[in-house]
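Morning, everyone. Please look at the model on the screen while I walk through a few parts of it.

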Amino acid sequence: MTTRYRVEYALKSHRRDQLIEWIKGLLAVPFVLHSQPTAVYQEHSAQLSAVAEGTHQRYADIFLDVENLILDHINHTRSQNPGKSKLKLLVPTVGTFFTPLYLEDAFKYQDRRRCISRRRFVAPSFNDVRLILNTAQLLGIIRSFPSSVELITFDGDLTLYDDGENLTEDNPVIPRITRLLSQGRKVGIVTAAGYTEASKYYARLKGLLDAIHSSTLLTESQKNGLIVMGGESNFLFRYDDSRSQSSSSSSLSPDSAGDNDNNSKLAYVPRKEWLLDEMKIWREDDIKELLDIAESVLRACVSNLNLAVAVLRKDRAVGIYPLAGSKLHREQLEETVLVVQNTIERSSVGSRLPFCAFNGGNDVFVDIGDKSWGVRACQQYFGGIDPARTLHIGDQFLSAGANDFKARRASTTAWISSPAETVQLLDELHELEGH
């Protein structure tokens, strides 16, 4: 019994999104009943076309039903009774929706691109549903507000650039981000990288920062619409064109007073200028206690799993990373994340202080705070942007070991799987807005 529970729940549920899995299950019925996989594509083309049209309509009807369930859930949430919505009963883990999701129209849009209803051997997949949800979210924001999205925040690795790489000048996402800035939107890069030096963020984002600096189309105000939130929610830097022209170090953080790389184009923003009121009560002794627990558990995992890693303790984070020439297996990373997360959650300080334990692809880190706080701080920094007019784009939205997951509490979200999908999503936004 214990083994079955551990396999079916502890080791698998954290790798699933229950809403997407539930929608997949609904779509499986018309696929099985109407796909006719025994037919050959070249034969009976008129019949196959009719079957595809019928399947398309059945899929569309299902998405419309789910769309209405989400709208009912939103109404229950607004009346302070989210637990009584039918969707909550069907999908207990479902969270908050800040806008309606136009799933029927989103399905039709993606079906034209992916020919989902014409497939007869491959049922609607996780990725099909994920992309439909992304499109539905874009439509939800566009149709709810005249000026659409006001703030777009991005994860770094695997969202803007490949894992462990930098944002180079030839990256196709750069002209899309500068387009967002030219439209008067604000852009935040909310990353787990917890550097206190502006120069290190500049090294990661050099292509984008240089493109903004050299742009003759962006006004100074539009250029200043870019910020970088590091360590999930711990270090804020703003774009500052004067950093390339002035040797002043007044904009540097106390931790980086020796950093005289004035070409970084980023200026440190003191915490007192952007901390949320709830973050101001986080006590330093609690921070130290939580990181001490996390470090102790990490070292125990290193010993237990025989990991060839080093332990790194930072101001607001602690983690492990592989030694030169070694690579951690996914199972080792996930085991470590789940052990650390479970241990901290059961501690007294874990109930007082928010934290994020996540799998970085080849490392594991525990940060104070999480991306929900980081996104909310970005919203506040720009004058209080509404969650419904904020879009966070990231690649990690599973329930454990994924640091974009909690951003769902602070804004609308889009779940991508690669930097190429980020480019596609931004082009999709541009298209759906009618540009």
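First, a definition: two strands pair if DSSP finds at least two bridges between them. Helices (H or I, at least four residues) and strands (E, at least two) are DSSP runs, numbered from the N terminus. Now the ground rules. This is a predicted model, where local features need pLDDT of at least 70 and side-chain atom pairs count only at pLDDT 80 or more, while totals for chains, interfaces and linings use all residues. Residues are numbered from 1 along each chain as its sequence is written, and side-chain values use heavy atoms, with hydrogens and water left out.

Look at strand 6 and strand 7 (residues 317-322). They pair in the antiparallel sense, over 5 bridges. Val 309 stands opposite Pro 322 in strand 7. Contact means heavy atoms within 4.5 Å.

On to strands 2 to 5. As a reminder, strands of a sheet pair through backbone hydrogen bonds, either parallel or antiparallel. Strand 2 (186-190) and strand 3 (226-230) run parallel, joined by 4 bridges. Val 187 has Leu 226 of strand 3 as its bridge partner. Strand 3 and strand 4 (235-239) run antiparallel, also with 4 bridges. There, Ile 227 is partnered by Arg 238 in strand 4. These two strands form a hairpin with 4 residues between them. In the turn, Gly 231 has a positive phi of about 60°. Strand 4 then pairs with strand 5 (266-269) in the antiparallel sense, over 4 bridges. Phe 237 has Tyr 268 as its partner in strand 5.

How many residues of strand 3 are buried? The count is 5 of 5. Buried means under 20% relative accessible area, with exposed over 50% and partly exposed in between (1.4 Å probe, protein chains only). Both faces are covered: Leu 226, Val 228 and Gly 230 on one side, Ile 227 and Met 229 on the other. In strand 4, 4 of the 5 residues are buried, so that strand is largely enclosed by the rest of the structure.

Next, helix 8 (residues 198-214). The 17 residues have end C-alpha atoms only 19 Å apart, short of the 24 Å that a straight helix would reach at 1.5 Å a residue. That expected span is 1.5 Å times one less than the number of residues. Where is the kink centred? On Leu 205, with an angle of about 90°. The bend at a residue is the angle between axes fitted to the seven residues ending there and the seven starting there. Leu 205 is also one of the buried residues of helix 8, along with others including Tyr 201, Tyr 202 and Arg 204. The buried residues pack against helix 7 (173-182), helix 9 (220-223) and strands 2 to 5.

Helix 13 (residues 371-381) comes next. 8 of its 11 residues are buried, so the helix is largely enclosed by the rest of the structure. Among them are Trp 373, Cys 378 and Gln 379. Their cover includes strand 1 (151-154), strand 2, strand 3 and strand 10 (390-394). After the helix comes Gly 383, with a positive phi near 100°.

Last, Ser 85. This residue is in the loop between helix 3 (45-78) and helix 4 (86-90). Is Ser 85 buried or exposed? Buried, because its relative accessibility is 0%. Leaving aside neighbours within four places in sequence, Ser 85 is in contact with Asp 72, His 73 and His 76.
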